[in-house]
Amino acid sequence: MAFLRSVCAQRTNLVYSCSGSGSLSAGRRQYQSGPNKSAAAAVASSNVCQTSNDEESSYSPKQHQQSLRKRVFQQVLFAPAFNQQQYYQQRGIHTNDTKSQVTATQSLGSDAKSSSGYTSSYRPPPRPKIPENPQRDPLDVSFNDPNAAFKSKTTWELVRAYLVYIICSSEKLVEHNMKLMKVANTILGDKLFTALMKATFYGHFVAGEDQIKIIPTLERLRSFGVKPILDYSVEEDLSQEEAEKREVESSVSSMAPAPAGDEEATLPQYKIDKTFADRRFKVNSARTYFYLNEATCERNMETFIKCLEAVSGATFGTGITAIKLTALGRPQLLLQLSEVIMRTRKYMEDMVGGQGNVLTHHKTIKDLEKYYESLGDNKNVKEFLKNVTSDKEGILHLFPWSGIVDENSQLSDTFRVPDPKTGQMRRLTSQIPHKEEEMFRNMIRRLNTIVKTAAELDVRIMIDAEQTYFQPAISRITLEMMRKYNKDKAIVFNTYQCYLRQAFSEVNTDLEQAKRQNFYFGAKLVRGAYMEQERARAEALGYPDPVNPDFDATTEMYHKTLTECLRRIKILKDNGEDAKKIGIMVASHNEDTVRYAIQKMKEIGISPEDKVICFGQLLGMCDYITFPLGQAGYSAYKYIPYGPVQEVLPYLSRRAQENKGVLKKIQKEKRLLLAEIARRLVRGQLFYKPKGNYVPI
């Protein structure tokens with residue numbers, strides 16, 4: 001209470017009314033597009049004002065005072081005038097500059113405008129002083145040390161984890177877990193059900209309900225050498241029918257198909273099929289967004305920005321936020337762009353007379369002129385050749401791809417090529433209506449806003465991989481964001497799914513583009529999340545299966561791709577260049593892959609201190625890999641979901657399903673859990689309190 005009174009005294013002009021401009025006070029971010037607020041921000045503003053007025057008119061003075069204190073605490077925790085020194089002293093953290101204090105008279109409501117177009121009073125706290133000799137433990141690469149795996153856990157947390165894994169081992173319970181949770185909620189009521197979930201699945205797999213309540217978890221992870229990848233894991237619990245309806249409606253253009261001859265028939269992979277419209281089909285490990293409207297996408301953007309603020313405030317520039325592009329816009333636009341990219345590749349293959357991409361064929365603009373020479377003095381061809389771009393080595397690119405992240409360019413006008421037989425310009429995509437062009441620009445604006453905010457807060461962005469029919473567009477947009485923002489360090493990371501046959505080729509091509517266009521390259525390597533769905537869809541729609549034939553082939557692809565990345569990092573080091581030009585996350589629960597990465601790092605001469613290789617696993621899974629790595633001085637991350645109990649049930653259901661599918665890993669984790677519980681009982685450490693003195697690399 002004394003703390004709250006002190007804060008209130010420092011902010012004499014703190015206002016909770018929505019008068020004047022109607023902007024949200026107390027440091028809430030608002031997006032402004034040009035001179036006017038976006039529609040979503042205006043709606044949000046009016047809703048908050050209405051709620052506030054309704055609440056105040058019905059509250060008693062005592063209730064109002066309690067509500068006011070609660071709101072003050074929530075709004076000022078990371079506000080610019082927050083007494084950061086007091087915050088750190090309470091936690092025993094010493095800052096680099098103990099003299100730096102934020103002026104106490106600064107108004108919480110007077111927001112500083114950022115270059116991203118938002119106004120915000122949020123400022124991250126200063127970084128703590130890092131000890132000269134941080135604690136480091138030897139690494140057991142067999143990952144069989146229960147003490148190293150679980151020294152960050154209380155004994156109750158170990159017991160809870162063991163119980164959760166026992167439940168995950170029951171096929172019947174896991175198969176019907178969502179129904180069982182809903183029945184339990186009905187019988188127990190919200191309060192008892194919430195308590196039950198916090199004592200079991202929610203407590204094990206989720207960090208907390210909001211960005212305030214997760215702070216103790218993030219601080220404890222940090223004290224044991226582990227950093228967070230934050231994800232707000234609230235999902236809509238849609239029926240299959242509703243999901244299919246949304247997907248079909250949002251994946252079909254409002255414009256009739258282009259006239260015959262203007263473009264070819266849609267490639268099979270990019271057709272909409274109702275059978276696979278529910279993108280959750282045969283997918284356990286990945287969150288799915290279904291488009292509803294533009295306002296929903298604005299809210300998703302706001303949520304991602306809150307994740308950025310939360311991770312920045314608690315991790316001092318070492319945190320990451322994961323996002324999905326399908327949360328920010330209409331999926332039809334990603335489908336169309338993906339098809340354009342594949343048609344462009346096919347056009348280039350025809351031009352060079354074989355397979356492969358433009359980078360490997362080293363075709364120049366002169367080669368392109370020669371390709372069109374049979375058309376003579378053609379006006380269309382001349383105009384097209386004017387706009388063809390090339391990199392520093394003269395390698396041509398048919399389009400200025402940077403245009404897709406330019407909020408002023410039009411997709412329909414950009415992706416047109418001369419027909420090599422007639423010279424007539426033909427589109428590689430159907431004509432896109434003005435409204436849908438505007439939707440695409442909105443999606444790019446949202447992504448730009450998120451990445452700009454990440455750069456300002458010193459947080460990295462990992463853009464998740466999705467289905468193969470979206471992925472060409474997602475990867476191209478992500479690469480352009482890298483080119484735009486990764487000029488001094490890696491802010492944006494792309495995700496590559498190594499169960500795909502083209503994974504090595506895609507990574508190699510993107511590495512080469514980063515080298516030639518001189519930007520920092522960031523990649524998260526995963527095995528993949530959509531294998532069963534991808535195979536079933538390919539068979540049904542009649543296109544080649546994009547997935548590797550078996551697990552061993554996927555492992556070989558993963559290791560081959562990782563080795564190529566490490567090889568290029570070594571070249572940078574040997575040439576005296578910045579090795580951080582390439583940053584790789586080994587996001588794998590497979591301990592053989594983790595061991596392979598560690599061994600290759602040693603062979604090539606890459607140390608953890610180079611900060612170019614990191615490792616990542618999900619919260620509540622494979623602790624026996626993550627924590628020993630972090631405590632041994634490797635860069636280790638946990639993927640941290642958070643959100644209200646009732647709203648993360650779909651996420652919890654997926655985690656249960658995923659654990660059912662990896663019983664071998666569960667058996668090892670259960671064995672190590674029992675060994676650590678027994679060790680504590682024997683040593684009288686039943687009430688052990690975790691206290692780490694590690695510093696993340």
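The side chains of E676 and R680 meet in a salt bridge, 2.9 Å from N to O; the term stands for a side-chain nitrogen of Lys or Arg within 4 Å of a carboxyl oxygen of Asp or Glu. Both residues lie in helix α26, four residues apart, or about one turn of the helix. Helices (H or I, at least four residues) and strands (E, at least two) are DSSP runs, numbered from the N terminus. R680 has a relative accessibility of 1% and counts as buried. Buried means under 20% relative accessible area, exposed over 50%, and partly exposed in between, with a 1.4 Å probe and protein chains only.

The model is predicted, so local features need pLDDT of at least 70 and side-chain atom pairs count only at pLDDT 80 or more, while totals for chains, interfaces and linings use all residues. Residues are numbered from 1 along each chain as its sequence is written, and side-chain values use heavy atoms, with hydrogens and water left out.

E676 also forms a salt bridge with R679, where the closest N and O atoms are 2.8 Å apart. These two residues are three apart in helix α26 (residues 663-682), a separation of about one helical turn. E676 is buried at 0% relative accessibility, whereas R679, at 21%, counts as partly exposed. Side chains of opposite charge can pair when their charged atoms come close.

The count of salt bridges comes to 30. One of them joins E209 and K198, with 3.0 Å between the closest N and O atoms. E209 sits in the loop between α9 (201-205) and α10 (215-223) and K198 in helix α8 (residues 177-198), so this pair ties together parts that are eleven residues apart in sequence. E209 is partly exposed, with a relative accessible area of 21%, and K198 is partly exposed at 37% relative accessibility.

The side chains of R445 and E298 are joined by a polar contact of 2.5 Å. A polar contact is a pair of N or O atoms within 3.5 Å; within protein, one must be able to donate a hydrogen and the other to accept it, and residues adjacent in sequence count only if both atoms are side-chain atoms. R445 counts as buried, at 7% relative accessibility.

Of its 697 residues, 54% are buried. The chain exposes about 31,000 Å², and carbon and sulfur atoms supply 52% of that area; the areas come from the Shrake-Rupley method with a 1.4 Å probe, and for residues only the protein chains shown count as cover. Among contacts with a separation of 6 or more, 79% are between residues 24 or more positions apart, a contact being heavy atoms within 4.5 Å.

Eight strands close into a barrel in the order β5-β6-β11-β12-β13-β14-β15-β16, with parallel pairing. The twist averages 30° from one strand to the next. Two strands pair if DSSP finds at least two bridges between them. Strand β15 (residues 613-618) and strand β16 (residues 635-642) run parallel and are joined by five bridges. The bridge partner of Q617 in β16 is K638. Helix α10 packs on the sheet, touching β5 (226-232) and β16, and its direction makes about 150° with that of β5. Helix α23 (residues 591-604) also packs on the sheet, touching β14 (582-587) and β15, at about 170° to the direction of β15. For these angles, axes are lines fitted to C-alpha atoms, for helices over the stretch in contact, and angles run from 0 to 180 degrees between N-to-C directions.

Some loop residues complete the picture. T318 has its place in the loop between α12 (294-315) and β6 (320-323), and it is buried, with a relative accessible area of 17%. Leaving aside residues up to four places away in sequence, T318 touches R222, K227, R460 and Y637. The C-alpha atoms of T318 and P228 are separated by 8.1 Å, although these residues are 90 apart along the chain.

Most residues other than glycine have a negative phi. F143, which is not a glycine, has a positive phi near 55°. F143 lies in the loop between β4 (118-120) and α5 (146-150) and is buried at 1% relative accessibility. K611, also not a glycine, has a positive phi of about 55°, and its place is the loop between α23 and β15.
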